[in-house]
Amino acid sequence: MIAKTLLQPFNYLFDSETIDNIANVAVLKTFHKSDIIIDIGQDLNYIPLLISGNIKVLREDSHGDELLLYVLESGDTCAMSLTCCMVKSVSKIRAIADEDATVVMIPIENMKLWFNTNESWRNFILQSYQIRFDEMLETIDTLAFMKMDERLFKYLTDQVKLSASTHLEVTHQEIAEDLNTSRVVISRLLKQLEKENKIELGRNKINVLEF
């Protein structure tokens with residue numbers, strides 16, 4: 001059981017009955033930056049509702065290389081984990097805290113029950129599917145139609161929107177992992193963007209000048 005005040009990011013989505021239901025069954029968990037929240041192959045007994053912070057959702061190939069699918073913000077849930085819960089399969093994704101995060105975990109039996117009995121919950125689940133599906137289509141379009149320098153600059157501008165700051169604290173290696181490329185490539189392209197006066201580079205910091 002958790003305090004209803006923690007569910008403030010969801011007040012505009014759910015009626016008071018749903019907020020009460022969530023508060024009665026949910027478990028509150030906190031994660032530090034880079035903590036794994038959901039891992040590939042993990043049995044899922046809960047679905048996450050993000051109260052604060054950002055969460056990166058990634059896929060991993062057979063070589064262990066990761067690709068960023070989308071980023072969850074406050075008020076979001078992960079459609080990929082919802083799908084796995086509905087069909088009782090193990091997780092196909094890895095969810096990692098991109099910064100310190102507070103998450104409400106809801107047991108899957110409640111998720112399924114409310115989907116059939118609660119209209120506001122059902123609408124939330126269906127809208128979450130649609131939003132995450134659109135984000136995955138955007139990721140596919142980016143991979144298929146954009147060159148790496150364009151992908152990199154889009155990544156940086158997306159991070160600016162997520163953090164609400166033009167000053168990004170991120171390493172070249174972290175960017176390379178998110179974009180499934182090498183650190184050498186990212187370092188070279190960042191220097192190119194700096195020459196174009198789109199960014200300023202510092203030690204593990206990037207100041208985005210154009211977005």
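The protein has seven helices and ten strands; helices (H or I, at least four residues) and strands (E, at least two) are DSSP runs, numbered from the N terminus. This is a predicted model, in which local features need pLDDT of at least 70, side-chain atom pairs count only at pLDDT 80 or more, and totals for chains, interfaces and linings use all residues. Residues are numbered from 1 along each chain as its sequence is written, and side-chain values use heavy atoms, with hydrogens and water left out.

**Overall build**

- The protein is divided into domain 1 (4-139) and domain 2 (146-208). These bounds come from an automatic or database domain assignment.
- The C-alpha centres of the two domains lie 27 Å apart.
- Twelve residues of domain 1 are in contact with nine residues of domain 2. Contact means heavy atoms within 4.5 Å.
- Among contacts in the protein with a separation of 6 or more, 69% link residues 24 or more positions apart.
- Along its principal axes the C-alpha trace spans about 55 × 35 × 25 Å.
- Of the 211 residues, 43% are buried. Buried means under 20% relative accessible area, exposed over 50%, and partly exposed in between (1.4 Å probe, protein chains only).
- The accessible surface comes to about 11200 Å², and carbon and sulfur atoms hold 51% of it. Areas come from the Shrake-Rupley method with a 1.4 Å probe; for residues, only the protein chains shown count as cover.

**Strand E7, an enclosed strand**

- Seven of the seven residues of E7 (residues 101-107) are buried, so the strand is largely enclosed by the rest of the structure.
- In a regular strand the side chains alternate between the two faces of the sheet.
- Both faces of E7 are covered. Ala101, Val103, Met105 and Pro107 are buried on one side, and Thr102, Val104 and Ile106 on the other.
- E7 pairs with strand E1 (residues 27-31) in the antiparallel sense over five bridges. Two strands pair if DSSP finds at least two bridges between them.
- Strand E3 (residues 46-52) also runs antiparallel to E7, joined by six bridges. Here Leu49 stands opposite Val104.

**Thr102, a residue within E7**

- Thr102 sits in strand E7 and is buried, with a relative accessible area of 18%.
- The bridge partner of Thr102 is Thr30.
- Not counting residues up to four places away in sequence, Thr102 touches Leu28, Lys29, Thr30, Leu49, Leu50, Ile51 and Ser52.
- Asp134 is 32 residues from Thr102 in sequence and 25 Å away in space, C-alpha to C-alpha.

**Strands around E4**

- Strand E4 (residues 55-60) and E5 pair antiparallel over six bridges. Arg59 stands opposite Leu67 in E5.
- The hairpin of E4 and E5 has five residues between the strands, and Gly64 in this hairpin takes a positive phi near 90°.
- E4 also pairs antiparallel with strand E6 (residues 94-97), over four bridges. Ile55 has Ala97 in E6 as its bridge partner.

**Nonpolar cores**

- The largest nonpolar core has 21 residues, and Leu152, Leu156, Ile175, Leu190 and Ile206 have the most contacts inside it. Such a core is a set of buried Ala, Val, Leu, Ile, Met, Phe, Trp, Tyr and Cys residues joined through side-chain atoms within 4.5 Å.
- Strand E5 (66-72), helix H5 (148-163), helix H6 (172-179), helix H7 (183-195) and strand E10 (205-208) give two or more residues each to this core.
- H5 gives the most to this core, with five residues.
- Domain 1 and domain 2 both give residues to this core, so it lies between them.
- Leaving aside its neighbours within four places in sequence, Leu152 is in contact with Ile175, Leu179, Ile186, Leu189, Leu190 and Leu193.
- A second, separate core of 20 residues includes Leu7, Phe14, Leu82 and Ile125.

**Positive phi in two loops**

- Asn180 lies in the loop between H6 and H7. Its phi is near 55°, a positive value in a residue other than glycine. Asn180 is partly exposed, with a relative accessible area of 39%.
- Asn197 lies in the loop between H7 and strand E9 (199-202). Its phi is near 60°, again positive in a residue other than glycine. Asn197 is exposed, with a relative accessible area of 56%.
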